[in-house]
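Subject: A structure for you to look at

Hi,

Here is the structure I promised to pass on to you. Have a look at it first, and then read my notes below.

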Amino acid sequence: GSGFKAPKMTKTGTTICAVVFKDGVVLGADTRSTGGDMVADKNCQKLHYVAPNIYCAGAGTAADCDKTTNNISSQLELHRLNTGRQVPVCTANRIVKQMLFRYQGYIGTYLIMGGMDKYGPHLYEI
């Protein structure tokens, strides 16, 4: 015969990644937004501001990513104003996890949260 036929590659979904090093964190994401096989937007923002020292890379339903990160951002700003201190990254992680748990899987977002605080660089997969 004709030999083994390799499977065809299919591009799907979002690519987000992050790396932590001794002086900080680097987050990265692609910019393509898809709806099934159709490209909806070629220049979509997938890196979300959460706090001055924290950002998230988001994948999943775009509206859920935006709403989740905006909601968390406002909660962390209120926390910062109440305490008068920069919010630690582990606190932001806990708040996001508690919020997503309340919705029992109905929020279709996958986040990588990274940031710096007085304890050093941190990276969380949520």
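L100 touches T68, G105, I107, T109 and I126, leaving out residues up to four places away in sequence. Please keep in mind that this is a predicted model. L100 lies in helix α2. Is L100 buried or exposed? Its relative accessibility is 18%, and since buried means under 20%, L100 counts as buried. If you want a sense of distance, find V19: it sits 81 residues from L100 along the chain, and the two C-alpha atoms are separated by 24 Å.

One of the partners of L100 is T109, so let's go there next. T109 belongs to strand β7. With 14% relative accessibility, T109 is also classed as buried. Apart from neighbours within four places in sequence, T109 is in contact with A59, D64, C65, T68 and L100.

Now for the two helices. Helix α1 covers residues 62–83 and helix α2 covers residues 89–102. Their axes come within 10 Å and cross at roughly 130°. That angle makes α1 oblique to α2. What is the handedness of the crossing of α1 and α2? The crossing is right-handed. On the α1 side, the contact is made by T68, N71, I72, Q75, L76 and H79. On the α2 side, the residues are T91, A92, I95, V96, M99 and L100. Sorted by class, this contact has seven nonpolar residues, five polar ones and no charged ones.

Two residues from that contact are worth a visit. I95 is in helix α2. I95 is buried, with a relative accessible area of 13%. Which residues does I95 touch, not counting those up to four places away in sequence? They are I72, Q75 and L76.

Q75 is partly exposed, with a relative accessible area of 29%. From Q75 to G114 there are 39 residues in sequence, and the C-alpha to C-alpha distance is 17 Å.

Next, go to the loop between α2 and β7 (109–117), where you will find Q104. Most residues other than glycine have a negative phi. Q104 has a positive phi of about 50°, although it is not a glycine. At 54% relative accessibility, Q104 counts as exposed.

The rings of Y49 and Y55 have their centres 5.6 Å apart and their planes at 80°, so the pair is edge-to-face. Both tyrosines are partly exposed: Y49 has a relative accessible area of 41%, and Y55 has one of 38%.

Happy exploring!

Terms used:
Residues numbered from 1 in each chain as written. Predicted model: local features only at pLDDT ≥ 70, side-chain atom pairs only at ≥ 80, totals over all residues. Heavy atoms only, no water. Axes fitted to C-alpha atoms, helices over the stretch in contact; angles between N-to-C directions. Helix = DSSP H or I, 4+ residues; strand = E, 2+ residues; numbered from the N terminus. Parallel < 35°, antiparallel > 145°, perpendicular 65-115°, else oblique. Left-handed = near helix turned anticlockwise from the far one by under 90°. Contact = heavy atoms within 4.5 Å. Nonpolar A, V, L, I, M, F, W, Y, C, P; charged D, E, K, R; others polar. Phe/Tyr/Trp six-rings, centres within 6.5 Å; stacked < 30°, edge-to-face > 60°. Buried < 20%, exposed > 50% of the residue type's maximum accessible area, 1.4 Å probe, protein only.
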